[in-house]
Amino acid sequence: MRKPSRREFLETSTLAVAGGSALMAQVNANGQIPRRPLGRTGVEVSILGVGGYHLGSANDQNEARKIVDQAIEAGINFFDNAWEYHKGASEEWLGAALRGKRDRVLLMTKVCTHGRDKSVAMRMLEESLHRLGTDHLDVWQIHEVIYENDPDLIFRPNGAAEALLQAKKDGKVRFIGFTGHKDPEIHLKMLSHDFPFDTVQMPLNCLDGTFRSFEHRVLSEANRRGLAVLGMKSMGGSGELVTHGVVTPAEALRYAMSLPVAVTISGMDSVGILEQNLQIARGFQPMDAAQMEHLRDRCRFDASDGRFELFKTTKKYDGDLGRSQHGFPGAEDLPA
Amino acid sequence: MPQSTSIPMRQFGRHDVKISALGFGGHHLGDAEDANTAVRMVREAVDGGITFFDNCWEYHRGKTEVWMGMGLKGLRDRVFLMTKVCTHGRDKELAMRMLDESLRRLQTDHLDLWQIHGVSFDNDPDLFIRKDGAAEALELARKQGKVRFVGFTGHKDPEIHLKMLATGFPFDSVQMPLNSFDAGFHSFELKVLPELNRRGIAVLGMKPLNGHGDAIKAGAITAEEALRYAMSLPVATTITGIDKPEILQQNLRIAQTFQPMTAAEMQALRDRVRIYAADGRFELYKVSLKFDNPEARLAHDFPLDMNQPEVKEMVRATENTGRPFPKVSQ
């Protein structure tokens, strides 16, 4: 599959917004980016968050710094990252860009034990803090819970779950959670441990509702438990929904942000993409139930075999570190 | 030379037909060194007691059907010949053209069994049973006498198999992965096998060695353990890929001396491999696109893998025509 072009996003988006509703035009004039409670943590989070993987895909560090600066100026306060993104470069670039601004944001990163034990997790935490130039994280999550035995490995004695509690006790992280993009059943298995998670991250988009749905199976359970839900992959992970003409960026992002989530994390690897998303998020008014249903229906055929949710149906989005810990071939040998 | 009756014969579902408990997988035949080797292996397999021959319209762009046709020349009546149709959701008319091409390549006027290939995507059952879909082709071909029995195959998800059964179509056979790893991960053995047995549908096991023998190479299990486990299940036959004469001899020996494992032996093996089964690392057909052929991926608009041998073959064959799809001749 060809790499989706960011320029295509932008062009499609410009069209979408130009032809958008009067409401959008009105609120875009002086709209703020709305904030919502981050679950029961008592803090508030902007409805749009900056994804850490794509930050590391920016042309250079200078572009990454501009993305972070402009995002903060626009009112975004949630920044996502992971220990394994771009071999640490995503964390380093974010850390450098946040110098002097650390207190204005909610900083999240993820630990990449992929089944290994607590001591590995604690070493990764120190490394993440160092790269990010901070003495604490606001949210620390277990990354990529996508293999069926991950919950068992995470909750075994001396597993990564113990590291989350330890880090919280040590004051190095305020809130804890996990993330994964594969299968709602694996998320439910994680939740079934009744562990005191504060957050849970999952793919949520207008196709998910009709295919192995996190929206139907996990979102309501997370809401019931009072967890903060962090939505991701609103456009398919690499913009597949947009580059294949299924939906516009505005439709994709607005659907995701209309769900009962705290924040929708979006990968933005250029200032242009950031500006596109800011325009959608400023003065955001949620879609109503009928509009959401209509959009799901329109996408039903494209949703029905998972062709645009490749993170569920293929190995494409599964990182090499997790693969190697689980005895799978790397991306070179098994691209999808 | 062993007697041709030396491999156990089993009943083909609810029909009064017997097939060998070990079946010759068509895909790997296309990996043989050359056509002569392939022909020799087919003939030695028949001599060794194998009667069940598997194939598929899309394997190696038709090469394996051609080679098997050559190998079975003069032996057609001694075997039970199956091939598969590769509509992947497309319509009846395409299926019928593929059937005629398969018959021509296999040098026969009829198939014993014709199956829908690669039922792997969640919406395949809907596309199969829709008006003018492949289900109508199966019925028509049977009525025309071009095929005796019909079925389907897939390696992805037990739920998709159950959805195919829920269409109510009168299948004679169903093919699926069955091995000691499957029992601990998205299991066809637990979810689909009992239902087929209950309905009297012939079960064709496949991937007894997990597709490419990765678990054997990794030392998790031996070929003999793997094959014996699969053959000990309540199936009509176990189809295994054979690409080299020495693999054929190994498998013939295992099948000719076959004694079913006891329930306790099977449980012990499942327990032993449970740690590997738990994340699907040796069942890549369930958790990745690796075993989904380019024809299926294209029909469903999924990405191709440019390193996949069949994609390379496809590119080589089409690079001067500009046509991405293998062409079905009239």
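Guide: In this predicted model, strand S9 of chain B, residues 202-206, pairs with strand S10 of chain B, residues 237-241. The pairing is parallel and is made over three bridges. In one of the bridges between these strands, B:Leu204 has B:Thr237 in S10(B) as its partner. Strands of a sheet pair through backbone hydrogen bonds, in either the parallel or the antiparallel sense.

S9 and S10 belong to a closed barrel of eight strands in chain B, which runs S3-S4-S5-S6-S7-S8-S9-S10 with parallel pairing. Elsewhere in that order come S5 and S6. Helix H4 of chain B, residues 92-106, lies across strand S5 (80-85) and strand S6 (111-116) of chain B. The helix runs at about 140 degrees to S5(B).

As a whole, chain B has 16 helices and ten strands. Its radius of gyration is 18 Å, close to the 20 Å that the globule rule gives for 330 residues, so chain B is as compact as a globular protein of that length. The C-alpha trace of chain B spans about 55 × 40 × 40 Å along its principal axes. Of the 330 residues in chain B, 54% are buried. Among contacts in chain B between residues at least 6 apart in sequence, 78% join residues at least 24 apart.

A word on confidence concerns chain A. Its mean pLDDT is 93, and 91% of the residues in chain A reach 70 or more. Over residues 1-29 of chain A, however, pLDDT stays under 50. Where pLDDT is low, the predicted coordinates should not be read in detail.

Conventions: Residues are numbered from 1 along each chain as its sequence is written. Chains are lettered from A and ligands numbered from 1 in the order in which they are written. This is a predicted model: local features need pLDDT of at least 70, side-chain atom pairs count only at pLDDT 80 or more; totals for chains, interfaces and linings use all residues. Helices (H or I, at least four residues) and strands (E, at least two) are DSSP runs, numbered from the N terminus. The radius of gyration is taken over C-alpha atoms; the globule rule is 2.2 Å times the number of residues to the power 0.38. A residue is buried if 20 or more other C-beta atoms lie within 10 Å of its own, exposed if 12 or fewer, and partly exposed in between; C-beta atoms are placed from the backbone. Two residues are in contact if their C-beta atoms, placed from the backbone, lie within 7 Å. pLDDT is the predictor's confidence in each residue, from 0 to 100. Two strands pair if DSSP finds at least two bridges between them. Axes are lines fitted to C-alpha atoms, for helices over the stretch in contact, and angles run from 0 to 180 degrees between N-to-C directions.
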